[in-house]
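Trainee: Could we go through this model together? I would like to start with the strands and then move to the ligand and the chain contacts.

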Amino acid sequence: MTTGNGAASRASEFFLRREVLITVALLLVLTWLLVSRGVSLLLTILIDFAIFTIVTLSLNLEVGFTGIPQFGRVIAVIAGAFAVGAIPGRLLAWFMGLPHGLSYAEDAVNYKVVPQLSEVLAGNAFLAVVFFLFSLVLAALCGAAIGWLASRPAIRLREAYLGISLLAFGDFFMWAGHNWEPLVGGTTAVFVPDPFRIVWGYRFQAVVITMLVVTLLIYLYVERLTRSPFGRALRMLRDSDVAAGVSGKNIVRVRTQSLMIGSALAAVAGGMYVIYTGTCTAIGFTRLTWTFWPWAYMMLGGIGSNAGVVLGVLLLTTMRSIITVYRFKLFGFLTVWGIDPLWLEYALMGLVIVVVVLFMPHGLIPAKVEPILPLGRVKKALERTAQG
Amino acid sequence: MDYIFQTEKVTKSFGGLVAVNDVSIGVKEQSFTMLIGPNGSGKTTLLNVCTGVLRPDRGKVLFGGADITGWASHRVYEAGLVRSFQIPLPFLGLTVLDNVLGAMRNPGESPLRAPLHRSWLDHEQDNVDKALDILRRVGLARHWDQPSFALGAAQLKMLEVARGLSAGAKLIVLDEPIGGVDPASADEILSYVSGLKAQGLTFLVVEHRIDIAAPFADYVYAMDLGRIISQGPPGEVLNDPKVIEVYVGRDEAC
Ligand SMILES: Nc1ncnc2c1ncn2[C@@H]1O[C@H](COP(=O)(O)OP(=O)(O)O)[C@@H](O)[C@H]1O
Ligand SMILES: [Mg+2]
């Protein structure tokens with residue numbers, strides 16, 4: 001505001017902003033964790049951060065931008081995870097002349113075949129890269145297909161009804177995978193060939209860097225997608241679907257597109273996750289982890305705000321990791337009152353949601369209302385049309 | 001006849017209430033056709049049925065030679081018919097400018113082209129020029145960068161009008177566009193709107209404030225209790241005893 005030391009005041013204004021303060025504090029905490037606990041905890045946090053940033057960005061696309069009550073985020077994550085658990089390994093096994101039919105997922109066969117496949121990938125960098133990229137593309141396609149399927153009830157159902165049917169749909173998939181062995185091993189895990197074995201010794205680091213790069217690319221994609229006439233159409237649907245229809249937007253088509261893109265991205269996260277863990281178990285994909293936590297991340301960060309999502313995920317994944325590591329050391333005293341520190345994580349999620357709803361409903365970085373066309377261009381247009 | 005738009009015996013009921021009863025109207029090309037009638041006479045419902053917001057129970061809706069009965073709203077829009085809402089339905093999370101831009105077409109609405117900003121930026125730029133011009137006409141240009149939730153009631157009405165005008169439609173249907181606007185600005189806006197007839201546009205306007213709107217009308221339909229009770233040039237309809245009775249009757253009741 002003042003003209004005298006504008007730069008200095010702007011700088012101090014910048015550093016006093018809530019999101020900047022939180023980011024700086026988080027970086028300090030992460031540095032401290034790196035120093036006190038070594039690099040592996042930090043890498044674990046970064047992997048969670050990468051995976052859940054993608055999942056939450058995809059959730060935000062559907063919820064924050066399009067207004068779809070997506071309580072079944074886990075569906076698409078499962079689609080990606082199952083696809084990568086079930087298909088690329090089989091294809092490679094078929095290629096190598098190893099068992100690849102339904103028996104591929106039987107534990108007695110699977111634990112012998114997959115290490116052989118990983119060996120093959122370890123010896124051939126090109127094949128490893130192709131395997132990885134193919135897995136991601138496959139996951140995205142399966143996710144998009146599931147998104148399309150989920151969009152069918154989305155045409156007829158509204159709000160709560162749609163939310164609950166998406167939620168039920170997600171549980172259905174988890175239990176189907178859990179009980180039908182040939183897909184991904186049923187109750188026992190199916191192993192996933194490891195395209196990162198080629199950098200053995202630095203596998204963890206390579207995985208983290210790769211995932212962060214994919215996350216960055218997806219962030220840039222989502223940013224560009226939402227800052228476009230398509231993004232505006234999504235927001236129109238969210239704010240009033242009747243008015244959007246009258247303004248020429250095909251409500252069914254736009255909603256379907258949003259669900260397909262969001263689900264494809266979430267599926268990429270699911271696929272990368274099973275490549276990272278090297279196994280795929282149906283029962284691991286709970287709605288708590290893959291639907292409700294992403295909702296908490298999104299609400300904390302700011303619904304409809306891509307940058308907010310990133311900060312929300314970083315803040316909460318870090319806190320969750322700290323709780324996991326230190327819960328007995330720091331919170332062991334809780335057992336005196338009969339509280340098991342194991343439950344702290346759930347308490348954190350509840351607390352975050354309540355605090356956000358009560359005190360900052362727009363999140364850490366609220367979504368900005370600004371023109372789709374870059375401001376500079378609009379201002380030029382203003383000048384030009386004012387003369388005319 | 002040179003009707004661009006017609007309804008044929010359209011009926012719509014809500015439960016036992018027949019809101020629109022056997023209504024047949026016609027709108028001539030490049031006319032300013034007015035639809036009047038007391039509150040609750042079924043005007044908004046008729047527009048909803050004509051623009052895909054509601055489906056008629058019976059009857060036909062014809063536009064530009066095509067039978068558009070029961071078409072979804074976006075298809076009606078694509079055919080060249082757009083409407084505004086009596087109770088404004090703004091996109092609250094968008095700027096005033098983007099509210100108007102949203103009613104226009106842009107190739108960047110395709111998700112495949114959307115990330116390639118160069119494929120739609122120029123088009124958007126043209127749309128912005130048009131939108132700013134329309135916003136200026138309805139007195140909202142100063143507010144272009146505000147979120148639409150910051151607007152007052154009368155301004156939201158004008159935003160509705162701006163959206164209707166920007167869509168590039170052949171027939172623009174306005175549901176009580178000047179409600180809550182002061183008489184001088186209302187007159188200014190209606191004269192701008194009726195001036196657009198010369199560019200080939202047609203208007204069907206529902207208006208409660210007959211005194212302000214009637215001078216612009218070429219033809220008037222009067223509705224009561226879901227039926228058309230009178231039609232003709234404004235002078236005739238406004239002096240029709242049936243119309244006077246309906247209005248006087250309601251006024252006394254108030
Ligand atoms: N969605 C609806 N559900 C039930 N009744 C409705 C609905 N919309 C309008 N009505 C009723 O239909 C009648 C006509 O309403 P409306 O078309 O809004 O009249 P107008 O626009 O002429 O004031 C009124 O009695 C109103 O209560
Ligand atoms: Mg009405």
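Predicted model: local features only at pLDDT ≥ 70, side-chain atom pairs only at ≥ 80, totals over all residues.

Trainee: Which residue stands opposite Gln6(B) in β2(B)?

Mentor: Gly26(B) does. In the hairpin of β1(B) and β2(B), two residues lie between the strands, and Gly15(B) has a positive phi near 60°.

Trainee: What is the strand order of the open sheet?

Mentor: The four strands follow the order β2-β1-β4-β5 in chain B, with antiparallel pairing. The edges are β2 and β5 (66-67) of chain B, each of which pairs on one side only. Strand β4 (residues 58-63) of chain B is joined to β5(B) by two bridges, and Phe63(B) has Ala66(B) as its bridge partner.

Trainee: Let me turn to β9(B). Is it enclosed or open?

Mentor: Six of the six residues of strand β9 (residues 219-224) of chain B are buried, so the strand is largely enclosed by the rest of the structure. Buried requires 20 or more other C-beta atoms within 10 Å of the residue's own, exposed 12 or fewer, and partly exposed is in between, with C-beta atoms placed from the backbone.

Trainee: Which residues lie on each side of β9(B)?

Mentor: Tyr219(B), Tyr221(B) and Met223(B) are on one side, and Val220(B), Ala222(B) and Asp224(B) are on the other. In a regular strand, side chains alternate between the two faces of the sheet.

Trainee: And which strands pair with it?

Mentor: Strand β3 (residues 32-36) of chain B pairs with β9(B) in the parallel sense over four bridges, with Leu35(B) opposite Tyr221(B). Strand β10 (residues 227-232) of chain B runs antiparallel to β9(B) and is joined to it by five bridges; there Ala222(B) stands opposite Ser230(B). Leu225(B), in the hairpin of β9(B) and β10(B), takes a positive phi near 50°.

Trainee: Changing topic, which element gives the largest share of the shell around ligand 1?

Mentor: α1(B) does, with three residues. The residues around ligand 1 include Phe14(B), Gly40(B), Lys43(B) and Thr44(B), where near means a C-beta atom, placed from the backbone, within 6 Å of the molecule. By class, the shell has three nonpolar, seven polar and one charged residues. Ala, Val, Leu, Ile, Met, Phe, Trp, Tyr, Cys and Pro count as nonpolar, Asp, Glu, Lys and Arg as charged, and the others, Gly among them, as polar.

Trainee: How many residues of chain B are in contact with chain A?

Mentor: 42 residues of chain B are in contact with 35 residues of chain A, a contact being two C-beta atoms, placed from the backbone, within 7 Å. On the chain B side, α4(B) gives the most, with six residues. That side divides into 20 nonpolar, twelve polar and ten charged residues.

Notes
Residues numbered from 1 in each chain as written. Chains lettered and ligands numbered in written order. Pairing = 2+ DSSP bridges.
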